[in-house]
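Biologist: Before we discuss any ring contacts, could you put the sequence and the coordinates on the screen?

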Amino acid sequence: MIKSTLLGIWMDHQEAHIIEYSIEQMSTKIILSKFTQEVKEESLAHGESGMNTKNNSCKQNIIRKFLMKLKKYEGVLIMGPGTSKSELLNSIKDNPVFMKINIVLQQSFQMTENQKYAYIREYFSKQYLY
């Protein structure tokens, strides 16, 4: 039996693709960072510390959006390039609300939507098939 409370997330520093696991059809919800190139240039005009403050603020907004969504899942696969997935995990690992959730990080590179779906299906079918 495959459980239906599983979530796949592909993320980098610019966007996150949230994919709820399903045997049938999966769909993607995309959360974009508000720290665009224009925002970066504008905040950099006020100094590097201003740019870093703005970047951290944008990251925290995305993390807050994730925290609201993650509470209802039993298993979460977070994948993507770079360090953004580790930053998300570090933000939630000490919160007791998330202690019961099996959260796994996987390094991956740019993928098409279908590749993300296939990767998530393969991962969860191996982990949660009884």
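What follows is a conversation about the aromatic rings in this predicted model.

Biologist: How many aromatic pairs does a search of the whole structure find?

Modeller: The search finds two aromatic pairs.

Biologist: What makes Y21 and F124 a pair, and why is the pair called edge-to-face?

Modeller: The ring centres of Y21 and F124 are 5.4 Å apart, and pairing requires centres within 6.5 Å; the planes stand at 65 degrees, and because angles over 60 count as edge-to-face, the pair takes that name.

Biologist: Why is this pair said to tie together parts that are 103 residues apart in sequence?

Modeller: Because Y21 belongs to the loop between β2 (15-20) and β3 (28-32), whereas F124 belongs to helix α4 (residues 113-127).

Biologist: How do you know whether Y21 and F124 are buried or exposed?

Modeller: Buried means under 20% relative accessible area; Y21 has 6% and is therefore buried, and F124, with 0%, is buried as well.

Biologist: What is the geometry of the pair formed by Y123 and F124?

Modeller: Y123 and F124 are 5.2 Å apart centre to centre, with 70 degrees between the planes, and this pair is edge-to-face. Y123 has a relative accessible area of 14%, so it is buried. Y21, Y123 and F124 form one aromatic cluster.

Biologist: Which residue lies over the face of W10?

Modeller: That residue is K116, at 4.7 Å from the ring centre of W10.

Terms used: Residues numbered from 1 in each chain as written. Predicted model: local features only at pLDDT ≥ 70, side-chain atom pairs only at ≥ 80, totals over all residues. Heavy atoms only, no water. Phe/Tyr/Trp six-rings, centres within 6.5 Å; stacked < 30°, edge-to-face > 60°. Helix = DSSP H or I, 4+ residues; strand = E, 2+ residues; numbered from the N terminus. Buried < 20%, exposed > 50% of the residue type's maximum accessible area, 1.4 Å probe, protein only. Lys NZ or Arg CZ within 6 Å of the ring centre and 35° of its normal.
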